[in-house]
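This briefing goes through one protein chain, topic by topic. Keep the sequence and the structure in view while reading.

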Amino acid sequence: MNSSALGDYETYLCDEIISYVDSHYRTLADVAHRGITGKSSGGYGAMVQSMRHPELFGAAASHSGDIYFEFGYLPDLAKLHANLQRFGGLDGYIEKIPEIKPKTHDPFFSVLGMLCYGAAFAPNPEAHRGFDLPIDLETGALRHDVWKHWLAWDPVRLIDRPEYQRAWRGLRHLYLDVGLWDELNFQIGTRVMAGKLAELGIPAEVEYFDDGPHGRVLPLRHLPPTPGGGPPRLVRCLRRITALRPAVLCCQRIRWTVCPPVVNPCLHVTGRGPTSRLPSSPP
């Protein structure tokens, strides 16, 4: 998304990357033959950009994408104040980034993630460091006036908007997957989204695979191969929707791997019951 604190990445993706790919590779340069996919925050980007730009993307796939922010982000936000105090506050943390070792989730990536989300969801050129934090730096309490800007970008809320429903309803294929034991709780948000899509009558393929944690999971590794050793279902879906020369834009790199079936096969749900454009700033 575009943010005064981070840069105009949505414009970069939609106006520059797509035109570069189409001009340098043998693609079928139209929406019917272009998809977007990603993992984790890249999966979030795939969901949001396919909602916002139905004129660009005809298919979307999210692998463990960020969703349902109350369960996904609040646990780390609750620790943000204490974690920042370990480094002498926000400025102290930023100054010490090169020397923080090992860079484990808690505290390093826990803090880094919350700061990056804040810069993306609540940019404010007048604020210190260019964005608003959703916690009070004195008490650590949640600032609801800022938190609401985060929630406005949550896919489970975005899909409530008619223009985004139309965008996803118009996709040639929509695929969502997530690990059942994801410690960021995105499996819960994926279930919430699947329920909304079923109620809205928006077709989607949703898979819950038997693995975790979030950072180690490579979803396609857990999809059983097709008979005869063919590619996983998702790869075949992407090939079908993008014809013979796909131009699938990845928000984060994914390695396509075919491995033996896991002991517990994927739980598979296809929604045929319950799709676009956002403003450049949170609604």
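At 39% relative accessibility, tyrosine 12 counts as partly exposed, because that class lies between under 20% for buried and over 50% for exposed. The model is a predicted one.

**Tyrosine 12 and the surface**
- Tyrosine 12 is part of helix H1, which covers residues 9-24.
- Together with Leu6 and Tyr9, Tyr12 forms a nonpolar patch on the surface. The accessible area of these residues together is about 320 Å².

**Helix H7**
- Helix H7 spans residues 144-151, and its buried residues are Val146, Trp147, Trp150 and Leu151.
- An α-helix has 3.6 residues a turn, so residues three or four places apart point the same way.

**Alanine 59**
- Alanine 59 is in strand E4, which runs over residues 59-63.
- Its relative accessibility is 3%, so alanine 59 counts as buried.
- Histidine 173 is 114 residues from alanine 59 in sequence, yet their C-alpha atoms are 4.9 Å apart in space.

**The whole chain**
- The chain has eleven helices and eight strands.
- Of its 283 residues, 50% are buried.
- The accessible surface of the chain is about 13,300 Å², and carbon and sulfur atoms account for 56% of this surface.

Terms used. Residues are numbered from 1 along each chain as its sequence is written. This is a predicted model: local features need pLDDT of at least 70, side-chain atom pairs count only at pLDDT 80 or more; totals for chains, interfaces and linings use all residues. Side-chain values use heavy atoms; hydrogens and water are left out. Helices (H or I, at least four residues) and strands (E, at least two) are DSSP runs, numbered from the N terminus. Buried means under 20% relative accessible area, exposed over 50%, partly exposed in between (1.4 Å probe, protein chains only). Accessible areas come from the Shrake-Rupley method with a 1.4 Å probe; for residues, only the protein chains shown count as cover. Patches are made of residues with over 30% relative accessible area and no salt bridge: like charges are joined within 9 Å, nonpolar side chains (Val, Leu, Ile, Met, Phe, Trp, Tyr) within 5 Å. A salt bridge is a side-chain nitrogen of Lys or Arg within 4 Å of a carboxyl oxygen of Asp or Glu.
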